[in-house]
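Here is a friendly walk through one model, a few places at a time. Have the sequence and the 3D view open as you read.

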Amino acid sequence: MSDLQTPASSPASGAATSDAPTTATAASNASSVQATGGRTLLPRNTLLRHLLVLVLCAVGAVILLESTDLGFNAQIGYVAFYAIAAGGLTLLTGLNGQISLGHGALMAVGAYTTALLLDVEEPLPLVVIFLAAIALTSLVGAVVGVAAARLHGPYLAGATLALAVGLPGLALYFRDFLGGEQGLTVSSPDRPDWFVEGIRTLSGNSASGVKWIAYIAVACLLVTYFLLANLMRSRIGRTWRAVRDQEVAAELSGINLGTWRVLAFLVSAAAAGLAGAVLALVVRLTAPTAFTIVLSLSLLTAIVIGGLGSLLGALIGSALLVFLPRALRDAGESLDMDAAQAAEISYVVYGVILVLVMLFAPAGLVGSIRLAWMKQRARRAGARTRG
Amino acid sequence: MAAATVATTLAACGGGDSGGGGGGGDSAENEASDIGITEDSIKLGAHYPLTGVAAPGYSEIPTGVQAYFDFVNANGGVNGRDIEFVYRDDAYNPTNTSQVVNQLVLEDEVFAIMSGLGTPTHNAVTDFLNSEGVPDLFVSSGSRLWDDPEEKPYTFGWQPDYEIEGKIIGQYVAENFPDAKVGLFLQGDDFGEDGAAGARQYLEDQIVAEETYVPGNTDVRPQISALQAAGADFVLGFNVPSYTALSQLTALQLGYAPQWFYSNVGSDPVLVGSLLARFSEGAVSDASLLDGVLTTEYIPGVDNPDNEWTQLWQRVWEESGQEGELTNYRAYGMSQAYTMVQALQSAGQNPTRDDLVAAVEQAGSEWEGPGFSPFRYSEDVHAGYSGMLVSRLLGEGSEELTPVLVTDNGDAEITEAENEPASPPESGIPDEEPIN
């Protein structure tokens, strides 16, 4: 995905701030292709470059979806909604330095909005429903953000944790409207004729409902990442970074910390809302048991493993979230364990992998690779100056 | 895609053959008549909570199913085909359920899904299974959602639903405890709601309080003290096993000793006993607290060691060589597996997915098995067992208090079952005639 960061923060300027955030958020601080001015075929204009990457990714996604079977298509849908939410969260945590344990609950807002709007005789166009889900979730996110802007570290974690625990309970309280424990089933939107025709001429595959939903999910993912990438590289993204790294300096430069934190929360919530909407379509049900604290924590592990502040990292982390437990379970079963043992073991191994990544790649996968690459380049540059 | 086309073509051939060779009987050959069926195997899929909060107890069901299928396979399988049973963990989270069922249907390519456990979890996949035309048999939940042949022609329930259970309990209490002041202790979902609706048909005048708990909140003191304050001397619980343990311990702390009646779901004495020991940190060490508690039963379990079916399950369990004891959850899984074998036999030698559904609709109400009462299956009804009996727990055993009572949803009357309890066949494997 387009994962291009601000040119402003070179490794040197990062080192000027306190150590901890620089290492942890190395993935978001790395200087970009453009800043280096090195050999690159990509255009120098940010928007053009991101558009080009978007088109390339879209082509890649279509090839991926058409060359794999329906089962894999379905899994891609799951990766997409995790990645959309993780993208929003990585902006909040990686770029703005705020933690949220409540993103699962924000996804629930988006999912329930979608389920309710689809459950009518003549549902609105899907785009309108998605926008409504985003709008409502952003509103909730803004309200939470106002409270969150005044809190730090464990207090912020606690406040958002309350959201994660409390919000799904509303579905039980307003049982008649929100379906209670058994949830609301989501009627799948009809696939349009042009889609069926298009898939047939493109690859000869049959365009089933699963495929249509996978395409919707991937389209949402690409658009979200395109918008988030632009935002991260804009003035707004730089301001968020300033708020994260040096509060005092940022305030002295005339930045209103509270306003910018609320804005970060709002953008992040918007992504979570869209993720919830996609989840509703992919899972075909919204029930409180789907939005427990476990979901919020999974998103957090995804962005930490991938590399805080990096969209590519968020995507990789989300893919691991979907495919790793499954791969581990299959490996366990091939070792002659029964399904229950394999399921239990897969969680243990997953935890061990998490710990190992934190030990040996504290900046996450993308962050660590980028750090290593930058170190090597600095060494070469140093050698050149001496020589 | 190519594979699917081949399967469809084969299915068409299979239909033609079984029509032509109908007189041939045994001479007809096995064919790969639909997705998930080959000449010598049938693949079935399921989802259960194998990890997480709902795993204790429920994770034992698939081991029972597996044990019975192993037993059938060792004795020649169904029409010479071995049953391959693939089950996966969903941790009782609907998002995971839809993911693993997608995998079972699209990647593992199972012939049918059976025994999917849980109301919110299974509710996430019925739409998908019905739109893909995958038989979705014998859901492990007493919700009434599975009895909807118009919208969900491929989905079938299995156990008696919570509403008819509520009715049978309500009538029993009204007749045998006419002066009791009844308090209801309900799980805050369709389980509690349907059960209460059934009970209220007979107990409306006797109910003095109705208290609901939210699954996950482990403090039930407010609910139990409210029942005590309302003067209820008879508490009827529609709750899961962990809340049986919690309500017992809370009542003990409050010095509250009504007559307890727990519906079938929450009354497994072995599991509740172990939960009691854990929650009370050893202060209460076994299920003795449950002595004298009333409950309902619809299949024989380990509390009736003399029952012929329990003896069969014991034999099957020992032959399977799996670790652990036979439990009521394993007996439940074996009973479901027994019904599944009946369905596969009725569907004929080379069944398609639609044949399997037709077999349950046409022959299901005639099947004799471990269940005390007949199934209600027909073209218009996809609900499972029609009745149960009331019993009293004594230690880890139980004593039957009523004959088997059968009824239906709504205001259908409750009557005594007409059928005699069936004995298991000598071989331990059913032998049903194909429907076509």
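## Around Asn304(B)

Asn304(B) touches Glu297(B), Thr310(B) and Ser398(B), leaving out residues up to four places away in sequence; contact here means heavy atoms within 4.5 Å. You will find Asn304(B) in the loop between β10 (294-297) and α12 (308-320) of chain B. Helices (H or I, at least four residues) and strands (E, at least two) are DSSP runs, numbered from the N terminus.

Is Asn304(B) buried or exposed? Asn304(B) counts as buried because its relative accessibility is 13%. The cut-offs are under 20% relative accessible area for buried and over 50% for exposed, with partly exposed in between (1.4 Å probe, protein chains only).

## How to read the model

This is a predicted model, in which local features need pLDDT of at least 70 and side-chain atom pairs count only at pLDDT 80 or more, while totals for chains, interfaces and linings use all residues. Residues are numbered from 1 along each chain as its sequence is written, chains are lettered from A and ligands numbered from 1 in the order in which they are written, and side-chain values use heavy atoms, with hydrogens and water left out.

## Strand β8 of chain B

Now turn to strand β8 (residues 234-238) of chain B. Five of its five residues are buried, so β8(B) is largely enclosed by the rest of the structure. Both of its faces are covered: Phe234(B), Leu236(B) and Phe238(B) lie on one side, with Val235(B) and Gly237(B) on the other, and all are buried.

β8(B) pairs in the parallel sense with strand β6 (residues 182-187) of chain B over five bridges; strands pair if DSSP finds at least two bridges between them. In that pairing, Val182(B) stands opposite Phe234(B). β8(B) also pairs with strand β9 (residues 259-262) of chain B, again in the parallel sense, over four bridges, and Val235(B) stands opposite Trp260(B) in β9(B). To get from β8(B) to β9(B), the chain passes through helix α10 (residues 241-254) in a right-handed β-α-β crossover. Right-handed means that, with the strands pointing away from the viewer, the path from the first strand over the helix to the second runs clockwise.

## Ile429(B)

Ile429(B) sits in the segment after β14 (415-416) of chain B. Which residues does Ile429(B) contact, leaving aside neighbours within four places in sequence? They are Tyr68(B), Phe71(B), Val72(B), Asn75(B) and Gln345(B). With a relative accessible area of 12%, Ile429(B) is buried.

## Chain A in outline

Chain A has 19 helices and two strands. Of its 387 residues, 52% are buried. Among contacts in chain A with a separation of 6 or more, 77% are between residues 24 or more positions apart.

## Ile213(A) in helix α12

Helix α12 (residues 209-233) of chain A holds Ile213(A), which is buried, with a relative accessible area of 8%. Apart from neighbours within four places in sequence, Ile213(A) is in contact with Ser188(A), Leu281(A), Val282(A) and Arg284(A). Ile213(A) and Gly77(A) are 136 residues apart along the chain, and their C-alpha atoms are separated by 7.1 Å.

## Phe360(A) in helix α18

Phe360(A) belongs to helix α18 (residues 339-360) of chain A. Phe360(A) counts as exposed because its relative accessibility is 68%.
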